[in-house]
Amino acid sequence: MALLLGGSVTALAVTNPTKEDYSDHAGSQLVGLATDELCSQRTLPLVLQLWIKDCPRLIADQEATLASLATQFTRRWNLGVASVYVTTVGGQDLLPTLRLPRYSVTTLGVAGRFLVLKTQSDAGELE
């Protein structure tokens, strides 16, 4: 029994996702959130909606940049067999009348997978 438990703990420790693994995961998650917030819900000002023809693609093309941004704004607690990541991004002024939405995501990384525990966002502010 102790051998099985020890093997399980070792397996979890070996498959504990790295910060680089989380960066890839966070980039794709941020693309989805930003696409929904800015493109699907039409929170962009009308002038930008007319200027940007393919909003989802524009955001998807920024996945590597968003992943890098997430890495910069992520705190990781390595618990050995799992990790807890807290990422908070956004809230900056994009234009004088448009503030980027702020997202905060708490994620558990375990066994090579990620489980989102909590998300918070504001809709940004349009004036």
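This tour moves through a predicted model, from its sheet to a helix, a group of rings and a nonpolar core.

**Stop 1: the sheet**

Begin by selecting the strands β1, β2, β5 and β6. They form an open sheet of four strands in the order β1-β2-β5-β6, and the pairing is antiparallel. Colour residues 74-78 (β1) and 113-121 (β6) next. These two strands stand at the edges, each with a single partner strand, so one side of each has no neighbour in the sheet. Seen across the sheet, neighbouring strands are turned by 15 degrees against each other on average, direction ignored.

In general, the strands of a sheet pair through backbone hydrogen bonds, either parallel or antiparallel.

For one pairing in detail, show β1 together with β2, residues 82-89. The two run in the antiparallel sense and are paired over five bridges. Which residue of β2 is the bridge partner of Trp77? Select Val84 to find that partner.

**Stop 2: the helix on the sheet**

The length of α2 can be checked in the viewer. At 1.5 Å a residue, its 22 residues should span 32 Å, and the end C-alpha atoms are 30 Å apart, which agrees.

Display the side chains of α2 next. Its buried residues include Tyr22, His25, Gly27, Leu30, Val31 and Leu38. What covers the buried residues of α2? The cover includes α4 (55-60) and α5 (63-72), together with the strands β1, β2, β5 and β6.

**Stop 3: the rings**

Select Tyr22, Tyr85 and Phe114, which ring pairs link into a cluster. Start with Tyr22 and Tyr85. Their ring centres are 4.3 Å apart and their planes lie at 5 degrees; planes under 30 degrees apart count as stacked, so this pair is stacked. The pair links distant parts of the chain, since Tyr22 belongs to helix α2 and Tyr85 to strand β2, 63 residues apart.

Continue from Tyr85 to Phe114. Here the ring centres are 6.0 Å apart and the planes are at 65 degrees; planes over 60 degrees apart count as edge-to-face, so that is the name for this pair. Tyr85 in β2 and Phe114 in strand β6 are 29 residues apart.

**Stop 4: Thr107**

Select Thr107 in strand β5. Its relative accessibility is 0%, so Thr107 counts as buried.

**Stop 5: the nonpolar core**

Finally, select Leu30, Cys55, Ile59 and Leu66. Of the 15 residues in the largest nonpolar core, these four touch the most other members. The elements that give two or more residues to this core are α2, α4, α5 and β2. The largest share comes from α2, with seven residues.

End the tour at Leu66. Apart from neighbours within four places in sequence, Leu66 is in contact with Gly27, Leu30, Val31 and Ile59.

Methods
Residues numbered from 1 in each chain as written. Predicted model: local features only at pLDDT ≥ 70, side-chain atom pairs only at ≥ 80, totals over all residues. Heavy atoms only, no water. Pairing = 2+ DSSP bridges. Axes fitted to C-alpha atoms, helices over the stretch in contact; angles between N-to-C directions. Expected span 1.5 Å × (residues − 1). Buried < 20%, exposed > 50% of the residue type's maximum accessible area, 1.4 Å probe, protein only. Contact = heavy atoms within 4.5 Å. Phe/Tyr/Trp six-rings, centres within 6.5 Å; stacked < 30°, edge-to-face > 60°. Core = buried A, V, L, I, M, F, W, Y, C linked by side-chain atoms within 4.5 Å.
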